[in-house]
Amino acid sequence: MQDQMMTAAMAERETVPQRLHGALRLLDRIPHDLIALVARLSIAAVFWQSGQTKVDGWHVTDNAVYLFQTEYKLPFVDPWIAAHIAAFSEHFFPFLLVIGLASRLSALALLGMTLVIEIFVYPDAWPTHGTWATCFLVIIAGGPGRIALDHFIAKRFGRSS
C-alpha cells in the first residue's frame, strides 16, 4: 500500500519533459517489422497503380509510348523501350515488395526509377519523390521485416534478413 502511494506521489511530481520523454519512449517500441511492412505495401501500391495506367491487359498502350515520346523524353532511351521497361518494372518490383521477396533489390530498382523520374521527368516533384525514397531506404537499410518471404528464406538457410 505504501509503495502504491509513493508511486502515485512520484507520478504527480513528474515534470512535463519527463512525461514527454516517457511518451516518446513508447514510440521506440514500434517494431521495424510493422514499419517495413507499411513501407513495402504503400510504395508498392503507388508504383503498381502507375503501371496499370500503362497497360491494357498484357500490352503496353500507345498512350504510354506517346507519353514517353512527348512528356517524359528520357535521354538515350527509345520511348517504346522505355515505356515497356517502365510498365514491367512498375508491376514486377511492387509484386516482389508485397510478398517480400528480393525486397532490398526491388526497393533499390524502384529507387533508381524514382531518381530517373526526379532528375529527367519531374524535377519539381522532389517532395513526393523524397517520400518514396524514404520508403525505399527503410527497406534497403533495415530489410523487409519478418513478415516477408525474404525472412523465411533467410531463416531456413540460417541467415538473418
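Ser 89 is in contact (heavy atoms within 4.5 Å) with Pro 94, Leu 110 and Met 113, leaving aside its neighbours within four places in sequence. Ser 89 sits in helix H5, residues 79-99. Helices (H or I, at least four residues) and strands (E, at least two) are DSSP runs, numbered from the N terminus. The relative accessible area of Ser 89 is 10%, so the residue is buried. Buried means under 20% relative accessible area, exposed means over 50%, and partly exposed lies in between, with a 1.4 Å probe and protein chains only.

The model is predicted: local features need pLDDT of at least 70, side-chain atom pairs count only at pLDDT 80 or more, and totals for chains, interfaces and linings use all residues. Residues are numbered from 1 along each chain as its sequence is written, and side-chain values use heavy atoms, with hydrogens and water left out.

Two salt bridges were counted. The criterion is a side-chain nitrogen of Lys or Arg within 4 Å of a carboxyl oxygen of Asp or Glu. One pairs Lys 54 with Glu 90, with the closest N and O atoms 2.9 Å apart. This pair links distant parts of the chain, 36 residues apart: Lys 54 lies in the loop between H3 and strand E1 (55-56), and Glu 90 lies in helix H5. Lys 54 is buried, because its relative accessibility is 6%. Glu 90 is also buried, at 3%.

Arg 146 forms a salt bridge with Asp 33, and the closest N and O atoms are 2.5 Å apart. Here too distant parts of the chain are linked, 113 residues apart: Arg 146 is in the loop between helix H7 (126-142) and H8, and Asp 33 is in helix H3. Arg 146 is exposed, with a relative accessible area of 52%. Asp 33 is buried, at 14%.

A nonpolar patch lies on the surface, formed by Leu 20, Leu 24, Leu 27, Ile 30, Leu 34, Ile 35 and Val 38. Together these residues have about 620 Å² of accessible area. Patches are made of residues with over 30% relative accessible area and no salt bridge; like charges are joined within 9 Å, and nonpolar side chains (Val, Leu, Ile, Met, Phe, Trp, Tyr) within 5 Å. Accessible areas come from the Shrake-Rupley method with a 1.4 Å probe, and for residues only the protein chains shown count as cover. Helix H2 (16-27) and helix H3 (32-52) each supply at least two residues of the patch. Ile 35 belongs to helix H3. Its relative accessibility is 39%, so Ile 35 counts as partly exposed.

Most residues other than glycine have a negative phi. Lys 73 has a positive phi, near 45 degrees. Phe 76 has a positive phi near 70 degrees. Lys 73 is found in the loop between helix H4 (62-72) and H5, and Phe 76 lies in the loop between H4 and H5. Lys 73 is exposed at 57% relative accessibility. Phe 76 is exposed at 86%.

In helix H8 (residues 149-156), the buried residues are Asp 150, His 151 and Ala 154. Seen down the axis of H8, they fall within an arc of 100 degrees, so they line one face of the helix. The arc is that of the directions from the helix axis to the C-beta atoms. Their cover includes helix H6 (103-121). Gly 158, with a positive phi near 75 degrees, follows H8.
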